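The report below describes how two chains and their parts are arranged. Please read it alongside the sequence and the model.

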Amino acid sequence: MSAIASPVSGRIEPGRILAWLLLFGGGLLMVTPLAFMFATSLKDSSEIYDLAFFPAHPTLDNYVTVLSDGRFLRWFANSFGIATAVTLSNVFFDSLVGYTLAKFQFRGRYLVFIAILSTLMIPTEMLVIPWYVMAKNFGWLDSYWGIMFPGMMTAFGTFLMKQFFETVPNDFLEAARVDGLNEFAIFWRIALPLVTPALSALAIFTFLSNWTAFIWPLIVTTSKELYTLPVGLTSYAVEAQVQWELIMTGAALATLPTLTVFLLLQRYIVRGVVLAGLKG
Amino acid sequence: MTTYTDVARSGGRLWQGLSLQQKQVVWAWAFLAVPILFYGLIRFYPTVEAFVISTTKWNLMTPPVFVGLANFERLLADPVFWKVFGNTFLYLVIGTPVSLILAFVIAYHLDRVRFMHGFIRALYFLPFLTTAAAMAWVWRWFYQPVPIGLFNNLLAGLGIAQQPFLRSTTQALPAVLAPAIWAGLGFQVVIFLAGLRAIPTTYYEAARIDGLPELAILRKITLPLLKPTIIFLVVFSSIGFLRIFDQVYNMTSQTSSDPGGPLNATKPLVLMIYQTAFSSFDMGYAAAQTVVLFLVLLCISLLQLRLLRDR
């Protein structure tokens, strides 16, 4: 890939080797915190004071301790369920709106587009107080729906999908129309499969941001069974005080899923993030 | 969900009488019905309400009392607010340039690397996928005094005096900022790499035939053509640093005191909003703070639009 932009071809110069070594060393430095986290999660409490990177007697005891009371499993399931539901909602509604704004001609289209786009200017933090009041009035406080409702659709996702649907040729849609498909079927069966790269980018971004979301779940939940993983981890860490090996185990559990998925789908995810970042 | 099928079925004959163009309009509004409701109720109405609440005194228990601009006057006279405003500004003016320059240098060199390119990129990108709340605890552990903390042990090994890090009013803010920069760096590297890729190779070839030195190529070709990428990343990361919360909350929370310490040295605006609203339940005052945050972010967005138009 880098062959395209590589300015010097073939010859290996000492400067390039030095640059490579520095880049590689920097990269290792970047993952050091993660490596220490995982290494420490495998140590027993007597070992955490000696700073040997590798545990002398690797053990999964910390994982057993952390997982045994079931709280982490619950938080894990909460985070997974919430992130999945919000992602599905975003993938469906953001593409539906993006498609409508890209492919339909009707009065008010531009107004709707500008209105949705303008919500990008409003920071979430400004809305948390009204959302909290709203959730309180509707009895949504301390519920899954209460955690999920603010993120069910996003202007970012809508804008991203609109950009992509604009590249879908109208002829495809017209052909389907001639075949007698209704408009929803055209969207669902013809247009949507043509923008799968954008859909996966949107799905990755939405899932990741909901998996790591902190402030709103922290505000809206009070009972521990409803905590998401980041909020649960915070409460756990405060409780565990100086038992760093247990805190590191909790942190490792929160980080493992996203890292594993990334290692499996690396190319896809990097491309998705670039797509979402540049087009959105 | 039911709207469009309902319209399509119940309208039976009426539907048949519509022209193709009119049918399209009906479909469009049917598709938009639920989203319009959502944006109205969950985005626009709360925005207006935030402004309204900012003009009241309200503790959620008793009905809100209209106080006009009193909350904003109180804000201007509040030394904690100015401290917090200064902190937020520091997060922004240190975080954005440091992370952008680092990311550009890394991407610029990584772009020329072929050997293990994907692997090295993955190393830089991995922290971006972590949960900030979890990583904050890892870094917090690193900052502990000896014999626990990694950094102080390294310093001790080098014979350098121990540092208080999170316990110091001057070192705590950069100490909290470091994991935020660390976690965001990979994203910026990847975006810069994509930006560099998008520059046509012919430009470079032409410059090289003309005998331009590498530094001149960087200044005259690479950087100007990267301007849209740079503007995007400056705005994206500025907004991120202005809204910093997860790291501060998790790295400075104490059993004895509220997060944001020592002595408010690390407290950013979003944490102040959180505490005013959800620890003190001083909703009006907190809403006034969110209005300030909104105005700051609005200025940055407008600046971006302005810069992009000048292109």
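Two residues are in contact if their C-beta atoms, placed from the backbone, lie within 7 Å. This is a predicted model, in which local features need pLDDT of at least 70 and side-chain atom pairs count only at pLDDT 80 or more, while totals for chains, interfaces and linings use all residues. Residues are numbered from 1 along each chain as its sequence is written, and chains are lettered from A and ligands numbered from 1 in the order in which they are written.

Within chain A, 7 residues of domain 1 are in contact with 7 residues of domain 2. On the side of domain 1 of chain A that touches domain 2 of chain A, there are 3 nonpolar, 3 polar and 1 charged residues, where Ala, Val, Leu, Ile, Met, Phe, Trp, Tyr, Cys and Pro count as nonpolar, Asp, Glu, Lys and Arg as charged, and the others, Gly among them, as polar.

Between the chains, the contact involves 74 residues from chain A and 76 residues from chain B. Helix α1 (residues 14-41) of chain A gives the most to the side of chain A that touches chain B, contributing 13 residues; helices here are DSSP runs of H or I with at least four residues, strands are runs of E with at least two, and both are numbered from the N terminus. That side of chain A comprises 59 nonpolar, 13 polar and 2 charged residues.

Chain B contains 15 helices and 2 strands. Its C-alpha atoms fill a box of roughly 85 × 70 × 35 Å, taken along the principal axes. The radius of gyration of chain B is 26 Å, whereas a compact globule of 311 residues would have one near 19 Å, with the radius taken over C-alpha atoms and the globule rule being 2.2 Å times the number of residues to the power 0.38.

In chain B, the axes of helix α5 (residues 79-110) and helix α9 (residues 172-197) come within 7 Å and cross at roughly 40 degrees; axes are lines fitted to C-alpha atoms, for helices over the stretch in contact, and angles run from 0 to 180 degrees between N-to-C directions. The contact of α5(B) with α9(B) has 21 nonpolar, 5 polar and no charged residues.
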